[in-house]
Amino acid sequence: MPTLTVDGIEVVVEPGTTVLQACEQAGVEIPRFCYHERLSIAGNCRMCLVEVTPGPPKPAASCALPAGDGMEVKTNTEKVKQYREGVMEFLLINHPLDCPVCDQGGECDLQDQSMAYGEGASRYTEKRRIVKEKYMGPLIRTIMTRCIHCTRCVRFADEIAGVPSLGAIGRGENMQITTYNEQAFASEMAGNVVDLCPVGALTSKPYTFKARPWELKNTETIDVHDALGSNIRIDSRGKAVMRALPRIHEEVNEEWISDKTRHAVDGLAKNRLDRPYVKKDGKLQEATWAEAFGAIAAILKGIDGSQIAGIVGDLCDAESMYAMKSFISSLGGSVECRQDGSKIGAKHRAGYLFNSGVAGIDEADAILLVGSNPRHESPVLNARIRQRWLTRKCKVANIGPEADLTYKIEQLGDSAKVLQDILDGKNDFADVLKNAEHPMIILGQGALNRNDSLAILKLAHDICEKYGGVTDDWNGFNVLHTAASRVAALDLGLVTDGGINAILDGVESGGIKVVYNLSADEFDTSKLEKAFVIYQGSHGDEGVKHADVILPGVAYTEKPGTYLNTEGRVQIAQRAIFGPGEAREDWTIFRALSEVTGSKLPFDDIAQLRAKMHAEYPSFAHVDEKPNAEWADFGVSGKVSKDGFIHAIKDFWGTNPIARSSETMDECRAAMNGENRTEGATGTDG
Amino acid sequence: MSMNVKKAEKFEFTKENLEWTKTQFAKYPENRKESCVMPFLHRAQEQNNGWVSVAVMEYIADMLDMPYIRVHEVATFYSMYNLKPVGKHVIEVCTTTPCWLRGSDDVVRACKEELGIGFGETTEDGEYTLLEVECAGACVNAPVIAYKEEYYEDLNEDTTRAFIKEIKAGKIPKPGPQNGRFKSCPIGGPTTLKDMAPADAEFGGGE
């Protein structure tokens with residue numbers, strides 16, 4: 001292991017470490033623009049210059065120089081100071097002095113580093129370069145005169161997003177960063193280039209001129225737009241969410257988030273339910289909480305518990321689902337969470353978790369996707385599979401419709417019969433799985449919402465067992481959920497016999513008289529027409545269409561809550577802002593309603609609720625740990641149909657009421673379909 | 001992979017050129033076939049009337065399994081690829097320091113006046129294109145014009161005008177130095193080493 005000194009501090013580093021990383025290890029800060037931990041090394045900004053001996057008597061770019069044994073690195077000499085001032089002066093030659101009108105202002109690497117390492121004045125009197133704006137899609141606003149050509153965005157598009165449409169055209173002073181033919185950057189993770197851009201060349205289009213970083217309140221919370229549970233930071237001002245940014249969590253989302261996570265937040269301010277409604281004379285009319293509760297209590301009075309059904313939606317936190325379960329079961333009814341018709345059971349935890357863990361992808365050497373399009377179901381997880389695939393140590397095969405997942409997959413067919421072939425050893429991929437040290441099978445929701453899903457589950461289970469997918473330190477059986485609430489709901493046992501279809505049939509036949517819908521909007525609610533429907537949720541979407549009483553709940557940014565991601569990792573979300581109007585946190589609504597209906601729930605604040613929930617379901621108490629669920633026998637042997645799989649997500653940009661309310665998501669959908677292209681402007685448009 | 005890229009007008013290599021591509025593919029390992037991009041672009045430019053269109057770049061990108069933007073980067077990086085249509089006669093004038101010191105300004109003026117166009121422009125009839133190039137690598141015969149893969153050297157204003165008039169007359173001017181000089185030999189004959197050295201001459205300051 002190389003041992004070197006940085007400013008006199010001795011450090012021992014792993015072989016292959018760069019001088020810049022060695023400096024960081026020694027606690028010495030090196031300014032940089034192009035270097036990024038998660039991207040390849042470009043070495044083109046020259047900001048990280050240091051003095052190194054032994055070596056040629058000239059500045060060395062520390063980001064691209066491997067640390068060698070006996071090196072002496074100096075970063076605090078007069079020479080290094082001059083190097084940095086020189087590079088900074090060059091970088092600022094063409095960079096406009098428009099910080100006061102730049103959205104990056106206040107969180108700009110160039111601004112910060114020119115303060116720290118720059119000379120403070122320029123000697124340049126020649127003409128400056130002006131570059132026309134480029135169109136990169138509805139999420140990225142470009143002011144290319146500000147660009148310093150670090151190529152972080154180009155490397156991100158190539159390496160992480162896997163959509164190589166960004167590039168640097170021209171040369172020398174005329175070099176420009178652009179997308180090919182100025183098309184939209186067609187990735188589900190495009191927004192991340194805005195975070196990567198060290199200057200204000202790429203900024204968030206929807207956030208243009210909305211706020212300054214120092215006036216925002218930062219709330220560290222959890223994303224609910226997919227089941228990955230990305231760690232995010234919600235920046236809010238007053239009663240409005242201004243933007244969502246990623247937080248670093250190496251085992252979940254590293255430092256990326258999908259565009260839906262980042263940009264669907266404008267949907268939080270639209271189509272909101274801000275007061276209760278009660279249906280009178282066939283029409284929904286504004287009501288007070290007391291009137292709404294009164295109407296519910298009146299209906300519930302003459303009804304047997306078995307005639308009450310609850311349905312929970314995809315974005316619910318564990319607390320509201322626990323409160324709902326307590327409330328409905330106190331009346332004698334039952335609650336169902338699988339509104340998409342999934343057949344997955346709640347009995348064995350290993351049977352519905354992403355057991356390998358998201359970080360487990362980094363070790364997998366064979367991945368079999370079954371009925372899943374991870375690019376749409378969880379773009380960040382898909383990027384992780386791509387990272388693994390790029391190492392050439394992992395083969396990926398797919399059973400399901402063909403899809404561009406940004407990496408090469410072996411297409412094994414789209415029928416569940418292929419699973420049977422693999423189990424019988426009749427498919428070549430069986431050998432790949434067998435020879436793999438860490439084989440992995442990922443079941444998507446497209447494989448779980450069919451009539452033969454239990455048989456598919458059994459096949460996947462058996463394949464895992466047969467080909468060494470389950471060992472003492474590895475479990476390769478994975479379910480990739482699409483709903484953020486699903487794992488918590490299954491942990492809470494929110495499943496009923498026959499699932500959602502039994503409820504809908506029950507309504508049709510009159511067996512179910514009251515349906516309590518907790519923000520479930522992803523099924524056809526017209527089938528609920530015959531029942532008395534109570535809808536509790538944040539947005540006026542599908543769920544309210546046939547509702548008789550509407551109770552305004554709050555969205556994920558407006559309540560503290562516990563979420564379990566697809567791995568079963570418990571993560572705690574915080575409240576960023578308060579809900580609009582008379583909307584209330586969902587568990588409090590159940591608590592208040594229970595008092596009216598006469599079966600008061602035994603908790604008065606969220607701490608008491610959590611204590612009760614943790615006592616009843618201990619898995620909820622282990623915050624931020626990847627659970628190791630005990631392997632079990634799940635699934636039911638049976639015949640699988642030869643019908644092809646259908647991916648669960650048809651429209652990535654509109655998977656939930658928040659995203660459907662978001663104008664930005666509409667623009668993204670249009671841009672992905674090649675519409676809405678606007679001509680590049682000159683840099684003065686707002 | 002580039003999802004929304006619209007196809008521009010069509011381009012395809014001729015049969016002969018396709019045959020030729022095989023010799024290029026043979027130069028590189030299968031997984032490094034991107035290395036063919038520059039010779040391909042050059043050959044395609046020849047075939048495509050002297051310029052590289054979007055269709056050309058996409059055709060070559062598809063041939064080499066490269067993202068379109070990667071080919072676009074290469075084509076825009078090198079100034080020898082013309083990214084817009086050029087005339088039948090492309091006249092490239094070098095204006096880098098040695099040529100400039102030897103009077104390339106006069107050569108440029110002559111070209112502009114004779115053709116009635118500026119750098120980077122094509123005459124309205126689509127016959128002539130005037131381009132400014134960086135060092136043509138013939139500084140010893142500066143100033144230099146490149147035309148149809150030949151160099152016209154040791155130019156001044158008059159010889160440049162004569163050169164262009166000849167092209168306009170449909171003739172191909174005689175390449176090489178335009179001032180009577182032979183290749184890069186001294187003008188007016190040798191100035192040194194005129195005689196054969198005597199057989200007993202001592203070289204290198206022998207003792």
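Across all chains of this predicted model, a search of the whole structure finds 54 salt bridges. Side chains of opposite charge can pair when their charged atoms come close.

In chain A, A:Arg610 forms a salt bridge with A:Glu319. The closest N and O atoms are 2.6 Å apart. A:Arg610 belongs to helix 17 (residues 606–616) and A:Glu319 to helix 8 (residues 318–331), so the bridge ties together parts of chain A that are 291 residues apart in sequence. Both partners are shielded by the protein. A:Glu319 has a relative accessible area of 0% and is buried. A:Arg610 also counts as buried, at 19% relative accessibility, because the limit for this class is under 20%.

A second bridge in chain A joins A:Arg669 and A:Asp651, with 2.9 Å from N to O. This pair links distant parts of the chain, 18 residues apart. A:Arg669 sits in helix 19 (residues 663–672). A:Asp651 lies in the loop between helix 17 and helix 18 (657–661). A:Arg669 is partly exposed, at 24% relative accessibility. A:Asp651 is partly exposed too, with a relative accessible area of 26%.

In chain B, the side chains of B:Glu12 and B:Lys10 meet in a salt bridge, at 3.8 Å from N to O. B:Glu12 counts as partly exposed, at 49% relative accessibility. B:Lys10 reaches 71% and counts as exposed, because exposed means over 50%.

Chain B also holds a network of salt bridges. Its linked residues are B:Asp106, B:Arg109, B:Glu113, B:Glu114, B:Glu157 and B:Arg161.

Notes
Residues are numbered from 1 along each chain as its sequence is written. Chains are lettered from A and ligands numbered from 1 in the order in which they are written. This is a predicted model: local features need pLDDT of at least 70, side-chain atom pairs count only at pLDDT 80 or more; totals for chains, interfaces and linings use all residues. Side-chain values use heavy atoms; hydrogens and water are left out. A salt bridge is a side-chain nitrogen of Lys or Arg within 4 Å of a carboxyl oxygen of Asp or Glu. Helices (H or I, at least four residues) and strands (E, at least two) are DSSP runs, numbered from the N terminus. Buried means under 20% relative accessible area, exposed over 50%, partly exposed in between (1.4 Å probe, protein chains only).
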